[in-house]
Structures are given as C-alpha cells and as structure tokens.
Amino acid sequence: QVQLAESGGGSVQAGGSLRLSCAASGYAYSNRFCMAWFRQAPGKEREGVASIDSGSMTGYANSVEGRFTISRDNAKNTLYLQMNGLSPEDTAMYYCAADPSSSACYTRLLTMRYTYWGQGTQVTVSS
C-alpha cells in the first residue's frame, strides 16, 4: 500500500505561483512508479494535469503546458508541481496519484488509471 500526502496549496492572485509537494510512503520501490497530478474544480470532473515516469519523462494537459512543471525527487520519495502564471481557471482541489506501472504514464493520466490517490490540497486563484 502506498500513502500519498499533498501539501503546498493555498490562495494566490492571478499571475502568481505555487509549488505543490506530494510525499510518498509505504512502498520501497515507489520511485519506479508512474506519478501524476490531477485536479477537480467545483462542479467539474476530475482531470489529469501532468505525469512523470521513473526516468523523469513528463506529459502535460494542454491547459497547463508551458506554465506548470512536474518533477520528482526519488531520494526523498517526493513529487512536485511548480505552477506559474496561475489563473482563476486553475482553482481546484489538486490530487497526487501513483501507479505501480513504470510506463505509459501519460496515457494513464488521460484515462485516469492510477491506483493510489492522496487526499488533495486546495488551490484558489483570485482575479
């Protein structure tokens, strides 16, 4: 079993930045997993934001490409999401997710096929 704990959410004005973190625990080889960030805005379906594989190959949703950067520190078992140029449309609960697969991480992002999920951290962007 893998436990995921997000942190770093908060309130920011449009154009600002935030960095989310996700600490993984409970499985010795989680640094080989696909890792990803999802988000869910009020009244909307959950959507994939970004994914990263064990070799740090990344994939992004079109809506965040060029503004958000996903990264991982395998030594610390921690996943990050650097968010720049935030807009009110980015307001959502952000979730960290992990899957034991080590490949097709972006395809899994698009099809929502991740096994382990965190509790989420709220990001609110005001205009």
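1. Contacts of L81. In this predicted model, L81 touches L18, R19, L20, W37, V49, A50, F68, T69, I70 and Y94, leaving aside residues up to four places away in sequence.

2. The largest nonpolar core. L81 is also one of the residues that touch the most other members of the largest nonpolar core, together with L4, W37, M83 and Y94. This core holds 30 residues. At least two of its residues come from each of the strands β3 (18-25), β4 (34-40), β5 (47-52), β7 (68-73), β8 (78-83), β9 (92-99) and β11 (121-126).

3. A separate core. Another core, of eight residues, lies apart from the largest one. Among its members are C34, F38, Y95 and C105.

4. Aromatic pairs. How many aromatic pairs does a search of the whole structure find? The search gives two. In one of them, the ring centres of F38 and Y114 are 5.6 Å apart and the planes stand at 75°, so this pair counts as edge-to-face. F38 belongs to strand β4, while Y114 sits in the loop between α1 (105-111) and β10 (116-117). The two residues are 76 residues apart, and the pair links distant parts of the chain.

5. Burial of the F38 and Y114 pair. Are F38 and Y114 buried or exposed? F38 has a relative accessible area of 0%, so F38 is buried. Y114 is buried too, because its relative accessible area is 6%, and the cut-off for buried is under 20%.

6. The second ring pair. F38 also pairs with W117, at 4.6 Å centre to centre and with 50° between the planes, and this pair is tilted. Here too distant parts of the chain are linked: F38 is in strand β4 and W117 in strand β10, 79 residues apart. W117 has a relative accessible area of 27% and is therefore partly exposed. Taken together, ring pairs link F38, Y114 and W117 into a cluster.

7. The cavity. The count of cavities of 30 Å³ or more comes to one. The largest cavity contains about 60 Å³ of space. Which residues line the largest cavity? The lining consists of A24, S30, N31, M35, R72, N74, N77, T78 and L79. By type, the lining of the largest cavity divides into three nonpolar residues, five polar and one charged.

Technical notes: Residues numbered from 1 in each chain as written. Predicted model: local features only at pLDDT ≥ 70, side-chain atom pairs only at ≥ 80, totals over all residues. Heavy atoms only, no water. 1 Å grid on protein atoms, 1.4 Å probe; cavity = no way out; pocket = protein on both sides within 12 Å on 5 of 7 lines; lining within 4 Å. Points joined across faces, edges and corners; volume = space filled by probe spheres on them. Nonpolar A, V, L, I, M, F, W, Y, C, P; charged D, E, K, R; others polar. Core = buried A, V, L, I, M, F, W, Y, C linked by side-chain atoms within 4.5 Å. Buried < 20%, exposed > 50% of the residue type's maximum accessible area, 1.4 Å probe, protein only. Helix = DSSP H or I, 4+ residues; strand = E, 2+ residues; numbered from the N terminus. Contact = heavy atoms within 4.5 Å. Phe/Tyr/Trp six-rings, centres within 6.5 Å; stacked < 30°, edge-to-face > 60°.
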